[in-house]
Amino acid sequence: MRREAVYHAASDPWIWPESLSRVRVRIRVGKGDVKSCRVGGSDRYVSFEENAIWTEAEKIATDDLFDWFEASLDVPSKRLQYQFRLETANGEVLLCGERGIGRSMRDAGVFQFAYLHESGLFQIPEWAGDAVVYQIFPDRFARGKSADDPVHAEPWSPDARPRPDSVYGGDLAGVIDKLPHLRDLGVNTIYFTPLFLSPSNHKYDTEDYFRIDPSFGDLRLFRELVDRAHRSGIRVILDAVFNHCGDRFFAFRDVLANGPRSRYKDWFFIDRFPVEQEPEPTYETFANGVTTMPKLRTEHPEVRRYLLNVARFWTETGIDGWRLDVANEVDHAFWREFRQTVKAVRADILIVGEIWHDAGEWLRGDRFDSVMNYPFRDCVVRFFAEGSIDAQTFDEQLCRIRMRHPEPVHRVMWNLIGSHDTERFLTLCGGDDRKMKLALLFLLTWQGVPMLYYGDEVGMQGGPDPDCRRPMIWDPEAQNRGLLEFVQRLIRLRNRLTPLRRGRVRTWHADRSSGIFAFIRKDESRAVGIVLNNGDQPRTVKLPVEPGIGPDVRDLLGGRRHTVTDGELSVDLGPYEGAVFEMA
């Protein structure tokens with residue numbers, strides 16, 4: 001056994017509470033090195049050797065280098081000491097504890113989980129795991145029926161090609177008018193990019209955090225939208241841009257006017273006075289030199305109070321969550337206080353960070369509930385759209401993403417294949433809606449919360465920003481109706497089958513040569529199997545049927561029946577086709 005490959009730490013994501021009397025533990029070992037793993041646990045104040053209760057661990061994931069095992073342990077006293085017993089492929093038995101790897105309990109030592117506090121539980125809103133999120137870029141989604149054409153608005157057309165400063169006149173009244181479309185689609189959560197007063201079309205350069213941009217409507221109309229959405233079974237999530245503001249924000253205008261005499265000079269990161277915007281800003285900004293977006297000093301007590309009042313105000317309007325822009329560049333203490341502030345108003349509000357990389361640091365129960373899962377998108381693009389990785393590599397990369405976090409976190413990760421910051425997925429597929437459908441099938445059946453970018457359901461295309469922000473296609477003749485009906489069917493399936501929302505995930509088959517990828521979602525009562533043929537040739541794959549589980553061999557998507565012979569399910573799939581099986 002390669003000892004250097006073995007790893008566990010007595011902290012997240014290697015151990016976490018499942019309840020006030022039960023924990024889940026995880027260990028990593030070299031791929032193929034360990035035949036079986038057991039975990040022993042006892043109260044910390046008794047003899048481990050005399051009192052340990054041993055539990056068989058399950059191999060729950062594998063990639064090209066490692067295997068991961070997990071087990072649940074009862075902790076009735078809330079105090080735990082524990083140790084791993086590893087049986088290697090050649091029959092050798094080794095123990096793993098805090099001192100390392102050894103042949104005896106004394107050599108290996110034990111790991112310590114000092115006390116199981118209630119605050120250590122992942123307090124994620126119960127509704128969040130059942131969400132299907134729909135992202136709306138307000139200027140481009142819909143214009144209210146009674147609204148006048150905005151000044152300088154460009155024609156709303158499927159042929160529109162936005163420029164960085166294009167305006168199309170979408171507003172909140174238009175969203176209200178189109179709530180039936182969202183309800184019929186099956187989504188139950190709207191995520192809005194920023195709605196607050198701003199001079200741009202994207203609104204990420206906020207001028208007034210307490211005011212709805214007049215081009216969208218006003219506070220009364222926003223409250224009406226929230227109320228109507230709730231009556232339609234749809235929740236509403238707002239975008240919080242607290243890393244930076246716009247250069248028209250009152251505090252920054254004061255700094256521009258009064259320089260070192262401004263009482264707000266410490267709200268920002270000023271390099272030198274006088275403050276200049278051109279040719280290079282003399283202050284920190286969002287990204288590199290974006291002069292219209294000065295970075296806010298969220299460590300400053302006055303900035304903190306102001307932004308937390310903003311968060312409290314809008315939370316009290318009845319919204320259901322916040323998406324936090326550039327969340328990884330804001331100090332952690334601010335986000336901890338932000339969480340306490342909004343959860344005090346509404347305990348089940350959802351907090352989602354925009355982080356494009358490994359977000360483990362932010363998902364430990366004291367800051368965010370979830371993040372936008374861009375590493376997931378990268379895998380999906382490479383496998384389905386580009387075809388640049390095979391099914392086994394795809395599985396291995398997904399595995400590594402899953403092992404970054406405890407299981408409860410993955411239930412509410414916002415999985416996406418596109419957003420206002422990325423190329424349209426159908427464009428990356430070269431316009432091939434078969435690939436798009438297969439990726440959507442995966443998105444809506446994989447573990448986590450699926451997020452759809454407006455218009456993906458009707459086949460919208462677009463390159464990098466701003467082309468990915470074209471106005472929504474509402475003309476039925478210009479929509480891909482087959483794609484729309486497919487998405488509706490997938491969402492109905494997800495809503496009907498509990499394992500697709502709440503079940504754990506396990507790889508069923510991943511073929512390096514054929515493009516076949518299959519996985520199982522399983523909860524306490526039943527399982528659902530998903531099989532995908534990500535290839536341009538018809539394929540037949542034979543999959544083992546688990547003992548005691550008799551599959552309903554009717555494909556829930558296509559209605560075809562498949563055969564079970566000698567414990568194997570034989571599945572026939574056309575190019576870029578998938579199947580879903582409910583297992584009794």
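Asp-320 touches Trp-127, His-230, Arg-235, Val-236, Ile-237, Arg-346, Asp-348, Ile-349 and Leu-350, not counting residues up to four places away in sequence, where contact means heavy atoms within 4.5 Å. This is a predicted model, in which local features need pLDDT of at least 70 and side-chain atom pairs count only at pLDDT 80 or more, while totals for chains, interfaces and linings use all residues. Residues are numbered from 1 along each chain as its sequence is written, and side-chain values use heavy atoms, with hydrogens and water left out.

Asp-320 is found in the loop between helix H8 (301–315) and strand S16 (321–324); helices (H or I, at least four residues) and strands (E, at least two) are DSSP runs, numbered from the N terminus. With a relative accessible area of 1%, Asp-320 is buried, a term that means under 20% relative accessible area, as against exposed at over 50% and partly exposed in between (1.4 Å probe, protein chains only). Its side chain makes a polar contact with the side chain of His-230 at 2.7 Å, and the side chain of Asp-320 makes another with the side chain of Arg-346 at 2.8 Å. A polar contact here is a pair of N or O atoms within 3.5 Å; within protein, one must be able to donate a hydrogen and the other to accept it, and residues adjacent in sequence count only if both atoms are side-chain atoms.

Strand S7 (residues 80–88) has 7 of its 9 residues buried, so it is largely enclosed by the rest of the structure. Two strands pair if DSSP finds at least two bridges between them. S7 is joined to strand S3 (residues 34–42) by 8 bridges in the antiparallel sense, and to strand S8 (residues 93–97) by 4 bridges, again antiparallel. Phe-84 of S7 stands opposite Val-39, and Phe-84 also stands opposite Cys-96 in S8. S7 and S8 form a hairpin with 4 residues between them, and Gly-91 in the turn has a positive phi of about 95°.

Turning to the helices, H10 (residues 374–386) and H11 pack at an angle of about 180°, with their axes 10 Å apart; axes are lines fitted to C-alpha atoms, for helices over the stretch in contact, and angles run from 0 to 180 degrees between N-to-C directions. H10 and H11 are therefore roughly antiparallel to each other, the class for angles over 145 degrees, whereas those under 35 count as roughly parallel, 65 to 115 as roughly perpendicular and the rest as oblique. Among the residues making this contact are Phe-376 and Phe-383 of H10 and Phe-394 and Leu-398 of H11. In H11, 10 of the 12 residues are buried, so this helix is largely enclosed by the rest of the structure. At its N-terminal end H11 is capped by Asp-390, a side-chain oxygen of which lies 3.0 Å from the backbone nitrogen of Gln-392.

Finally, an open sheet of 3 strands has the order S24-S26-S25 with antiparallel pairing. Strand S24 (539–544) and strand S25 (563–565) stand at the edges with a single partner strand each, so one side of each is left without a neighbour in the sheet.
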